[in-house]
Amino acid sequence: MQAISLFRKTSHQESGFYALFLTNRIQMLYFMIVMPSALVQPYMLLAIVAMGIASQFCLYMLSKWFATPYSAQGYQGFERLFGKTGIKILALASLPLLLLKISFISVSYADIMHQFVFPSMDREWHIVFPFILSCYLALSGMENMVRFVTIVFIGTIWIFFLYIPFFWVQSNSLHDLYPLIPIGPEPFAWKSLLLVFSSLSGPEFLIAITYWLNPQRKMLKYLTIANAISVGEYLFISIASLLFYGSKYLPTIKYPNVEMGRYLQSPVFERVDIILISAYMFSFLYSIALFVLMIYGASRLLGKTKTSTTRIGLIVSGCAVMAVTLPISKWFWEPGLEQAFWLDLQMWAGSATYLLSPLLIWIAIKRKARTTS
């Protein structure tokens, strides 16, 4: 198979907006899947704000990494911070986390496609076809993938504006958003916080592609704007769902924001919800392609990093990911189990990586600064 440069870098222009778009789109992956049906009480809207502040703290630590000279050196920068053995350990630890993230979003989106678009087609085909498209997209290389996020952002950010009509329904009442402060102790309220924090996770994976983002000291500004947009989108859709369904009926809807799309009217399209689901495919295909590239890069770090990248190597990585995802969808994604096990597992894993990854690299930077001074 012909050798290609999947991880080459040719551009050195400022790319703060790429980091902004990447952070926002990765943070919104779970929004369509679980958020509104999980935050069913009005006071849980405060959880979005609180976890948005916590997310900003993680992004602040992440911005410290962008401001160091190590981030612009790629593999050599990581080697100076962690050593060759440390890099292999981190690469090995990242593989199951990436596999879990890809499997969760893939099966969840396939479930939506199966339920709303092609109910007569087996759910597994809704996994296979996007994987093929994602692997084809990943073949363009990491540098082009970073640039492509601009199209993904423009192609999906307009969607939440379509929910504005739900704020003006005559049956809406401001009392639907009460109480904003919980009355009495609420069990498992911590789980809502964990869900929101996990939903805002994802920017920690930017550490692996910092080299192609042309890091700079002003990166915190772009990360902050992206986080604010994500929190605003979560609040906007959650409030629209509460106003439309009410806190008593909302828990009975599995995908409330998708169901709301069925009530949108258009003189051109009969099923607006299908348009929304198809538009969201941009984010899912892009994220899977980006994560598959990361898995291929991590697997190369565990082997011979000096060998050239190949198409067959990337395709094998994509097939390996699909070989993990398909059995989960076929035998382990039973009704109720996705909420009882897979969602909980993703919540804990996403929250842990979002908190610990920036913290780990921030500690490594501090330790390196003390040893060199």
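This is a predicted model: local features need pLDDT of at least 70, side-chain atom pairs count only at pLDDT 80 or more; totals for chains, interfaces and linings use all residues.
**Entry 1**

Next I looked up what K254 pairs with. Its salt-bridge partner is D111, with the closest N and O atoms 3.0 Å apart. D111 sits in helix α4 and K254 in the loop between α8 and α9 (256-261), so this pair ties together parts that are 143 residues apart in sequence. I checked D111 for accessibility too: at 8% it counts as buried, because the limit for buried is under 20%.

**Entry 1: the other bridge on D111**

D111 also forms a salt bridge with R123, and here I read 3.5 Å between the closest N and O atoms. R123 lies in the loop between α4 (75-116) and α5 (125-138), while D111 is in helix α4, so this contact links parts 12 residues apart in sequence. Like D111, R123 is buried.

So what do the shared partners join? Salt bridges put D111, R123 and K254 into one network.

**Entry 2: the search over everything**

I then wanted the count for the whole structure. The search gives six salt bridges. One that I followed up is E233 with R25, where the side chains meet at 2.9 Å, N to O. E233 belongs to helix α8 (residues 219-245) and R25 to helix α1, so the pair ties together parts that are 208 residues apart in sequence. I looked at burial for this pair as well, and both E233 and R25 are buried.

**Entry 3: helix α1**

R25 sent me to α1. This helix covers residues 16-27, so I have 12 residues reaching 17 Å from the first C-alpha to the last, close to the 16 Å expected at 1.5 Å a residue. Is α1 mostly covered or mostly open? Mostly covered: 11 of its 12 residues are buried. Among them I noted Y18, L20, F21, L22, N24 and R25.

Terms used. Residues are numbered from 1 along each chain as its sequence is written. Side-chain values use heavy atoms; hydrogens and water are left out. Helices (H or I, at least four residues) and strands (E, at least two) are DSSP runs, numbered from the N terminus. Buried means under 20% relative accessible area, exposed over 50%, partly exposed in between (1.4 Å probe, protein chains only). A salt bridge is a side-chain nitrogen of Lys or Arg within 4 Å of a carboxyl oxygen of Asp or Glu.
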